[in-house]
Each structure stands twice: as structure tokens, then as C-alpha cells.
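User: I'd like to learn how to read the sheets, helix packing and contacts of a model like this one. Could you walk me through the features one at a time?

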Amino acid sequence: MSSDEWRLGKQLAEEWVLSANRLNDFDRLVDDWDGLGATAPDQDVVESAKIFLSLKRKQDPESPPSRVLAAPDGSIVFEWQSGSKIVEVEIDAPGRANYMLEEPGKSPRFWTGRF
Amino acid sequence: MQCGRTRGNTLLRQLDRFIYRLVRGVPFRSERDAVGDAEWLLRKVPSGNAAYYDPSLKTPLQRIAFRPNEYDVDGISFFRETFVSPRSLGYEGRKPPYYVVRLRARQVAAIGLRIVPLPDPDQPPGHLVSSELCYKARQTAAEKEAASRLQVALRDIASLAFDPTAAH
């Protein structure tokens, strides 16, 4: 392994850890965390999001999410951005992932999957 | 004493609101009047939270800014610029300051949202709701997709009206 490959691997590993840490932060959210009445994510949704993240890491270790977010309705959102293309995965119930693909000039596409 | 002070504050607030409308040339416009096509609608967006607004991104405003929470039973809230300034709105609420985004009523109607006046003494003046984007505990996949499409469309037509990080 070259030093560049080693550095890239280390950087990717750090990004996965950052995403996992974000999920741990959501454990501490309380209702109205945004000052507009947002619901804190349920513990089982957070745990499910952690499982989803670890599955994604195994499937595609070179693509950690660009952002991990809590939504005001209590769901958790993972986002991958590549240029103007955005893939959003929302975990709103244990084992359920709602996908959205946005590409420039196209209508967004939606689908739901189980994991 | 308490009652007198409250009444005084109410009168002052009403006077403030009247002066604001007077300056905008609509002194006797009612908050219950139907929304005109050319009116500007405002929406508060929490600051300091990248889920809603991330200045580091090419498109800072996120569609989550238009997602209802469980209190939005009548629909998500908007406010009419005819009755409240973006700056004032940005400092109203439990965790101010907020970003405030602006949308033209005509464009909001064109994407299929019906905006209805719902004046509320606990809210800033000019309160509106959109029943197409209300909270439902168990949304079907089709309802969720329809709501997500509306949120994306709103994000795309909104522009920043007040940036608390730039305000002094």
C-alpha cells in the first residue's frame, strides 16, 4: 500500500467515524431542539440508523455520507453529494429507508427499501 | 398591575403593527384577507443547524426547512411580508435568531400549495398555513413522496430575506 492509499484510507475511516459520532449526538436531542417544535428521534430510529450506516460502510467503504442530519419529524437523514447530484436516505422507522435521488435538470426520484 | 402592563404592551404592539402597515401603504389591510399573487411570503429557518441551512453548500437552504413537525397539524407556517418584516420575524420565537426566506405567493400557488391566513395571537403577525404540508403521524409512501416533491420545489423558489449571521 502506498502512503497516498494509506492516507486516503485513514481519511475515509475518519469520515465514517464522524458520521457515527453524529448519530451518537442525536441520542442527546430533546423535543423542540430547533426552537420550532421538532421531535427528537426515537431511540429505535437512532439504533436503526446506526445499523444502516454500518451496512453502508461494509457495502461501499469508499463513500461515507457527506452529511448526517436530524429532521424535525424525528427521522434521520444521510446525504451523499457528488457535484450537483444528491442522494438522500431517510430512516423514519426501524429497518425502513426512504431514498431520494436528485440530479440537475431532472425531477427527483423516490423509492423505499428495507434493510 | 400585571393586567395593566399586559394591556399596555398589547396596545403598543398593535400600534407597532399599524405603523408597519402604514409604511407599507396598507394601513387597513386585515391579516384575514386572502393572500394576493404578488405578495411575499416569509418562512423562519433555524440558524446554526446545517440540516436546515448550510452556508458551506452550493444550495444552502435545505428542503428540511419546509418539513412539518408534529405541531404543524394545520400545515407549516408562513408569514406575510405585508404584516411583518424579515428582520423582525428573524428575532421572533423560542430560539432566535432565525434565517428568514422569502417566496412569491404566485410561485407557491403554481407548485400546488394553498396558503390560508390563520392569524394567531401567539405568532408574529400575518400568520399563514399550508394544509398540503401538514404533519401526519403515519404517512403512506405516496403521501411522503408528494410532500417531499413540494419541499424540493419550495426550496428551489425561496431566496434568503434575512441572514442573522450578517446582521449587526
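User: Let's start with strand pairing. In which sense do β1(A) and strand β2 of chain A pair, and over how many bridges?

Analyst: Here is the general idea. Strands of a sheet pair through backbone hydrogen bonds, in either a parallel or an antiparallel way. In this predicted model, β1(A) and β2 (residues 76-82) of chain A are antiparallel and share four bridges. To pick out one of the pairs, look at A70(A), whose bridge partner in β2(A) is I76(A).

User: What is the strand order of the whole sheet in chain A?

Analyst: The order is β1-β2-β3-β4-β5 (chain A), an open sheet of five strands with antiparallel pairing. At the edges stand β1 and β5 of chain A; each has a single partner strand, so one side of each lacks a neighbour in the sheet. On average, neighbouring strands here are turned by 20 degrees against each other, ignoring direction.

User: Which strands of chain A does α2(A) touch?

Analyst: Helix α2(A) packs on the sheet and touches β2, β3 (85-93) and β4 of chain A. Its direction makes about 135 degrees with that of β3(A).

User: And how do I read the packing of the two helices? At what angle do α1 and α2 of chain A pack?

Analyst: Take the angle together with the distance between the axes. Helix α1 (residues 3-26) and helix α2 (residues 43-59) of chain A pack at about 175 degrees, and their axes are 10 Å apart. An angle over 145 degrees counts as roughly antiparallel, and α1(A) and α2(A) are therefore roughly antiparallel to each other. From α1(A), the contact is made by W16(A), S19(A), A20(A), L23(A) and F26(A). From α2(A) come V46(A), A49(A), K50(A), L53(A) and R57(A). By class, the residues of this contact are seven nonpolar, one polar and two charged.

User: Can we step back to chain A as a whole? How many helices and strands does it have?

Analyst: Chain A has two helices and five strands, and from the N terminus on the elements run α-α-β-β-β-β-β. Its C-alpha trace spans about 50 × 35 × 25 Å along the principal axes. Of its 115 residues, 32% count as buried. For the contacts in chain A with a separation of 6 or more, 44% are between residues 24 or more positions apart.

User: Let's move to chain B. What is the strand order of its six-stranded sheet?

Analyst: The order is β4-β5-β2-β1-β3-β6 (chain B), in an open sheet with antiparallel pairing. The edge strands are β4 (115-117) and β6 (159-162) of chain B, each pairing on one side only. Neighbouring strands are turned by 40 degrees against each other on average, direction ignored.

User: Why is β1 of chain B described as largely enclosed by the rest of the structure?

Analyst: Burial is counted residue by residue. Strand β1 (residues 40-46) of chain B has six of its seven residues buried, so it is largely enclosed by the rest of the structure. Seven bridges join β1(B) to β3 (residues 98-104) of chain B, running antiparallel, and R43(B) stands opposite V101(B) in β3(B). Two bridges join β1(B) to β2 (residues 76-80) of chain B, again antiparallel. In that pair, L41(B) stands opposite R80(B) of β2(B).

User: Last one: which domains does the assignment give for chain B?

Analyst: The assignment gives domain 1 (1-30) and domain 2 (32-162). The centres of these two domains of chain B, taken over C-alpha atoms, are 25 Å apart. Seven residues of domain 1 are in contact with six residues of domain 2 in chain B. The domain 1 side of this contact has two nonpolar, one polar and four charged residues.

Conventions:
Residues numbered from 1 in each chain as written. Chains lettered and ligands numbered in written order. Predicted model: local features only at pLDDT ≥ 70, side-chain atom pairs only at ≥ 80, totals over all residues. Pairing = 2+ DSSP bridges. Axes fitted to C-alpha atoms, helices over the stretch in contact; angles between N-to-C directions. Domains from an automatic or database assignment. Contact = placed C-beta atoms within 7 Å. Nonpolar A, V, L, I, M, F, W, Y, C, P; charged D, E, K, R; others polar. Parallel < 35°, antiparallel > 145°, perpendicular 65-115°, else oblique. Buried ≥ 20, exposed ≤ 12 C-beta atoms within 10 Å, placed from the backbone.
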